[in-house]
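Student: Could you take me through this model, one feature at a time, and show me how each should be read?

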Amino acid sequence: MSEEQFTSISMGVCLTILIVFMGFIIWDLGRKSKAGRFGTAILFLVLGFGVSGFVFKNVLVEIMEHGR
């Protein structure tokens with residue numbers, strides 16, 4: 001296994017774990033603030049935009065690299 005393969009796999013695994021943990025943090029924030037279902041959904045929507053933007057950026061980079 002080359003260093004590039006290891007880095008690619010480990011980044012995918014670590015980022016997935018980080019995104020799941022951030023989802024737990026958002027859920028816990030909604031629960032502790034007693035936001036209710038609607039408030040928790042808004043929290044996930046608004047705070048999840050940052051995560052989805054990061055994932056979207058990586059997808060675009062991959063598409064542009066393979067498009068050459």
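Student: In which helix does Phe6 lie, and is Phe6 buried or exposed?

Tutor: Helices are DSSP runs of H or I with at least four residues, strands are runs of E with at least two, and both are numbered from the N terminus; by that rule Phe6 lies in helix 1, which covers residues 3-32. A residue is called buried under 20% relative accessible area, exposed over 50% and partly exposed in between, with a 1.4 Å probe and protein chains only, so Phe6, with a relative accessible area of 51%, counts as exposed. Bear in mind that this is a predicted model, in which local features need pLDDT of at least 70, side-chain atom pairs count only at pLDDT 80 or more, and totals for chains, interfaces and linings use all residues. Residues are numbered from 1 along each chain as its sequence is written, and side-chain values use heavy atoms, with hydrogens and water left out.

Student: Where is Val51 found, and is Val51 buried or exposed?

Tutor: Val51 is found in helix 2, and because its relative accessible area is 18%, Val51 is classed as buried. Val51 and Leu18 are 33 residues apart in sequence, while their C-alpha atoms are 9.9 Å apart in space. For Phe6 and Asn58, which are 52 residues apart along the chain, the C-alpha separation is 18 Å.

Student: What is there to notice about phi of Lys34?

Tutor: Most residues other than glycine have a negative phi. Lys34 has a phi near 55 degrees, a positive value in a residue other than glycine. Lys34 is found in the loop between helix 1 and helix 2, and Lys34 is exposed, with a relative accessible area of 75%.

Student: How does the reach of helix 2 relate to the expected span, and where does helix 2 bend?

Tutor: The expected span of a helix is 1.5 Å times one less than its number of residues; helix 2 (residues 36-66) has 31 residues and reaches 44 Å from its first C-alpha to its last, close to the expected 45 Å. A bend is the angle between axes fitted to the seven residues ending at a residue and the seven starting there, and helix 2 bends by about 40 degrees at Gly48.

Student: What radius of gyration does the protein chain have?

Tutor: This radius is taken over C-alpha atoms, and the globule rule is 2.2 Å times the number of residues to the power 0.38. The protein chain has 16 Å, whereas a compact globule of 68 residues would have a value near 11 Å. Of those 68 residues, 9% count as buried, and the C-alpha trace spans about 50 × 25 × 10 Å along its principal axes.
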